[in-house]
Amino acid sequence: MARRYSPYWMGRALQYALRLLVASAVLLALVGCWLWITTDLPAPDRLRARATLGNTRVLDRHGRLLYSVPDPFGAYRRPVAINDIPLVVRQATIAVEDTGFYANPGIDLRGIARAAWLNLRSGAIVAGGSTITQQLARSFLLDPSLARERNLERKVREAILALKLTATLSKDEILTLYLNQTYYGGMSYGVEAAAQRIFGKPARDLDLAEAALLAGLPQAPSRYDPLAYPDAARARQRETLAAMVRAGFISAAQADAAAAAPLRFGGGCTTPGCLPRAPHVVFSVLEQLAAELDPDAVARGGLTITTTLDLGLQESAELALQRQLAALAAPHDGGPDRRARNGAVVVLDPRDGAILALVGSPDFHNNAIQGQVNAAVALRQPGSAIKPLTYAAALEHGWTPATSLLDVPASFTDTDGRVYAPQNYDRAFHGPLLLRDALATSSNVAAVRTLDFVGIPALLEMASRLGISSLGQAPGRFGLALTLGGGEVTLLELTAAYAAFANGGVRVAPYAILAVEGPPPFDHPAGPGDTTPTVVLEPGVAYLISDILSDRYARKPAFGSGSLEIDRPAAVKTGTTTDWRDNWTIGYTPDRVAGVWIGNADGRPMESVTGVTGAAPIWRQVMLAAHRGLPPRPFPRPAGIVEMAICVEGGLLPSPVCPATRIERFIAGHTPGRPDDTHVMMRVDPVLNCRAPADYPQARSVTRLFRLLPADAEPWAVRAGLPRPPRATCPALPGAAHERSAPDNLDAGKDAWTSVPLLPSSSAPLVITSPAPRAVFALSSDIPVDRQRAAITVGIAPGVAQVEVIVDDERVGSVNAAARVLWPLQPGLHRVWAEGRDPAGRVVRSAVVEFNVR
């Protein structure tokens, strides 16, 4: 039976509920009145007179002053009247921050309700729903300690101040205050200071594209700073333009035109001392702290910020960059302007990630090169500088420094079905290479073969492990050209990735702040923060990459010596994009890692500037400065690295016919398992180019060593003039039955040769075996000309001596059956032959071979 309540008890319950509701309303009213009374609105003449605790100072790691932050509310800040602020600036600000600004009473009830719902769902304060008036109240009128809180009291006081502001000032006055006091990043308060800092012009001259970019900054000034993150700033600009279209301020066509309009950045600082030393680093540090603490606390809090920077090294890096760019603009040899105007340098301590030097451009003041943009954190294609990551992935997949790779013409099919045929930088192919040589000489074809083996996801995963986030984790975005620099990275993150190789496979994140001190009750954690070292590579893999990149003998055939060598063991890699737009050198020791990029901020190509001729001289000077006072150290060899002899050609264990051996290093358990089987000794007739059977005359045959290659490499070997084992067996010769052994005297030897009617007796004993007839050599612009040589080899019959090689009527060297002449390549068509003396002392001569050098 259902329980029934009497009307009496129901009435009493209703009375209690009504009393509770009235009491709650009275309590809320009392609290509201108290908050209204205690939340004072400063008088207009006090709005610009807030107290300061002294200038914030930024120091280098040794205590030397980099910057004393000027009071942003002092003389340097220039307030402007509403009529001097373009309409598009006001409209862009209203559209992106508070579309109902002119209609609301200072608060947006719908926005507050939406924010309350989001906060209720998340269990924390995650959204605010603040109007322009509330933002002004929070940033300029609330007590700074309360303004940083995210709680209900702050929101209520903020709303009360907003209501009082609306009741006291007109909307135009509020908007004028907001546009003059809001923080736009870079220690710039107000739209005038922001316009001068970013565009080098007064606010009244801003156009729609510039206005939309500035209006989007206050939401997250450090994240959208166009001088540090131009891509993020552009994306925010497009959001602002879309908001202006929705608000009816502009048309979609106007928005599209503004989004496509070029932006030229140029700081307006002309006062001596208004810019810090190392401006890109100092402004980055201030923005980081402004995001963590509060812009006002950083600008006016009297803080002492100690950075990781070494001012002496910073200035050395700046000078090295400026001098090299000047040399490229006016080469000492009288050559043309190389059209390289910009560059960046990063130096890290690989043991903890401390940024010791960071040069974002050669001249912060130079608007023509967009010197205010920090090129050290701008996205650029790295060229071959990304290759060590590909080979590190291959070593993790079981390859070794002795793995053989074919650098011959090849085609690959990408994931989207497109056929890709890589070319080397010098437009030539180099045949079979060991992994050590392929990485050291930067073979493109070998790198693509390697990525084809490990897969694009493996390279992206390796990059992510080493701290590179800009490439993402979407393999479908890239093809095999990713290993040649087909993606975009920043100099800072790629240099930090190399630091993991230097640090034995341990990754550390770059950081720039050592300590922050301030007046009580200020409290900020000192040191690098969240830079816990993380093991991301097996120590053996990191060591082998360092061992290869520091092998000056392995890289010498491609890069020679000089700008890639310093006074101690150093691993180094260059990178050059195929269109000459980006030029890199990154290298390291166990103590320092340095990265250099040169190019142009607007992406214009340079004139034949390579990693060796462009960035490498800067890298060398910076590395010498960075190691001043530090003793040389080898790369520490981890446990599990073993050494053994290999055949230089092929990378297998030495066999009796292996032409040369060397010591190679391996990770234990990943060593060659069989003797070399790619070389064979064969008795041939060098004149007829055939295999000599057992009963063939000894006087007509010579024993030669041939290298066996995969079928894919045979066309390359023929074009390169590499001696190939004859396919045909030699035919029976007249009188051969009487000449199964070498003649016993010189006259018999002479008669044996003259019995062959196929060639004149004077030419038969000598044959040019390399280069092949009509061979073509290509000079590389990345290698000094005097280091590019062609190997000339000669087939010599028994008894022939005093053999000399002649190129274009000039004697260039002597040879014997086991030697060769290295001839410096010179452009043009050339003729080569050999001359010697037969057993009778008569001069014999080979046939002439013509070849071309481009």
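**A close look at helices and rings**

A: Nine of the 11 residues of helix H2 (residues 87-97) are buried, so H2 is largely enclosed by the rest of the structure. Here, buried means under 20% relative accessible area, exposed means over 50%, and partly exposed lies in between, with a 1.4 Å probe and protein chains only. Helices are DSSP runs of H or I with at least four residues, strands are runs of E with at least two, and both are numbered from the N terminus. Among the buried residues of H2 are Arg-90 and Glu-97.

Before going on, a word on the model: it is predicted, so local features need pLDDT of at least 70 and side-chain atom pairs count only at pLDDT 80 or more, while totals for chains, interfaces and linings use all residues. Residues are numbered from 1 along each chain as its sequence is written, and side-chain values use heavy atoms, leaving out hydrogens and water.

Now let's turn to helix H19, residues 491-502. H19 has 12 residues and reaches 16 Å from its first C-alpha to its last, close to the 16 Å expected at 1.5 Å a residue; the expected span is 1.5 Å times one less than the number of residues. In H19, 12 of the 12 residues are buried, so this helix is largely enclosed by the rest of the structure. Tyr-498 and Phe-501 are included in that buried list. After H19 comes Gly-504, with a positive phi near 70 degrees.

Rings of Phe, Tyr and Trp (its six-membered ring) pair if their centres lie within 6.5 Å; planes under 30 degrees apart count as stacked, over 60 as edge-to-face and the rest as tilted. By this rule the count comes to 11 aromatic pairs. One of them joins Phe-283 and Phe-364, a tilted pair with 6.0 Å centre to centre and 45 degrees between the planes. Phe-283 is in helix H12 (residues 279-292), whereas Phe-364 is in the loop between strand S5 (355-359) and H15, 81 residues apart. Tyr-588 and Phe-635 make an edge-to-face pair, 5.6 Å centre to centre with 75 degrees between the planes. Tyr-588 lies in strand S14 (residues 582-588) and Phe-635 in the loop between helix H22 (611-626) and strand S16 (641-647), so the pair ties together parts 47 residues apart in sequence. Both Tyr-588 and Phe-635 are buried.
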